[in-house]
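Me: I would like to learn how to read a model of this kind, feature by feature. Could you give me the general idea each time, and then the case at hand?

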Amino acid sequence: MLTRPLNAAVDTSNYEKFQTGNPVVRRLIDRFYGKVGELVAPLAPATVLDAGCGEGETLERLGGVLDGSVTGVDLNPESVDYAARRIPGGSFRVADLTDLPFDDDSFDLVLCLEVLEHIPGPKPALAELSRVCRGDIVVSVPSEPWFRLGSLARGKYLQGWGNHPEHVNHWNPRSLREFLSESTEVVTVERSTPWLLAHVRPA
């Protein structure tokens, strides 16, 4: 349920994903956010950054376990405006994940869910997430090849063999751990099919 009524949809693939009427996909999304909530709740962060916040879906879903101040950034101004109206208690702005407008060690928790697969050359973005974080970072990406196989099974993105046209990076548990280990301390990498969920800390 939205915190404040919104009158217009946002024309993004992220927004579209959460409007699906497919009951299987909705169950997978709900299970994913349940796992994120279980991971985040014990951390009890006072300050949270959602890097790549989109339309505020994550911050709304985690509202019951995030008691501190929340900040969101995204490249899409329309998404940022939508998130700000959806979660009036938060702080939202347009920003690039490779050049975040925050001081070092600004946040107890940094979330970056379903974002890194969209960024060509994602290492600078991960470095920025680590720079602004003084505590914990939670990252998620599609789990391959299962994400693409799931898309094919639903008859989506057939021309790209199930690959979402906006996904330029692809990870499995091993390759994600290797990528994250280059600049962070990896605590856990686990599956929430068809996604991978990682908990890391700044190195």
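Reply: Let us begin with two terms: contact means heavy atoms within 4.5 Å, while helices (H or I, at least four residues) and strands (E, at least two) are DSSP runs, numbered from the N terminus. This is a predicted model, in which local features need pLDDT of at least 70 and side-chain atom pairs count only at pLDDT 80 or more, whereas totals for chains, interfaces and linings use all residues. Residues are numbered from 1 along each chain as its sequence is written, and side-chain values use heavy atoms, with hydrogens and water left out.

Me: What covers the buried residues of α5?

Reply: A residue is called buried under 20% relative accessible area, exposed over 50%, and partly exposed in between (1.4 Å probe, protein chains only). In helix α5, which takes in residues 123-132, the buried residues are A125, L126, E128, L129, S130 and V132. Their cover includes the strands β1, β4, β5, β6 and β7, together with helix α7. As a general point, an α-helix has 3.6 residues a turn, so residues three or four places apart point the same way.

Me: In what order do the strands of the open sheet lie?

Reply: Strands of a sheet pair through backbone hydrogen bonds, either parallel or antiparallel; here two strands are taken to pair if DSSP finds at least two bridges between them. The open sheet has seven strands in the order β3-β2-β1-β4-β5-β7-β6, and its pairing is mixed. At the edges are β3 (91-94) and β6 (184-192), each of which pairs on one side only. From one strand to the next the twist averages 15 degrees. As one case of pairing, β1 (residues 47-51) and β4 (residues 107-113) run parallel and are joined by three bridges, with L49 standing opposite V110 in β4.

Me: Which helices lie across these strands, and at what angles do they run?

Reply: Axes are lines fitted to C-alpha atoms, for helices over the stretch in contact, and angles run from 0 to 180 degrees between N-to-C directions. Helix α4 (residues 77-86) lies across β2 (69-74) and β3, running at about 175 degrees to β3. Helix α7 (residues 173-181) lies across β5 (133-142), β6 and β7 (195-202), and its angle to β6 is about 160 degrees.

Me: How many helices and strands does the protein have, and how compact is the protein?

Reply: The protein has seven helices and seven strands, which follow one another along the sequence as α-α-β-α-β-α-β-β-α-β-α-α-β-β. Its radius of gyration is 16 Å, close to the 17 Å that the globule rule gives for 203 residues, so the protein is as compact as a globular protein of that length; the radius is taken over C-alpha atoms, and the rule is 2.2 Å times the number of residues to the power 0.38. Of the 203 residues, 48% count as buried.

Me: Where is E114, a residue with positive phi that is not a glycine?

Reply: E114, whose phi is about 60 degrees, is found in the loop between β4 and α5, and at 11% relative accessibility E114 counts as buried. W161 also has a positive phi, near 55 degrees, and is placed in the loop between α6 and α7, but W161 is exposed, with a relative accessible area of 68%.
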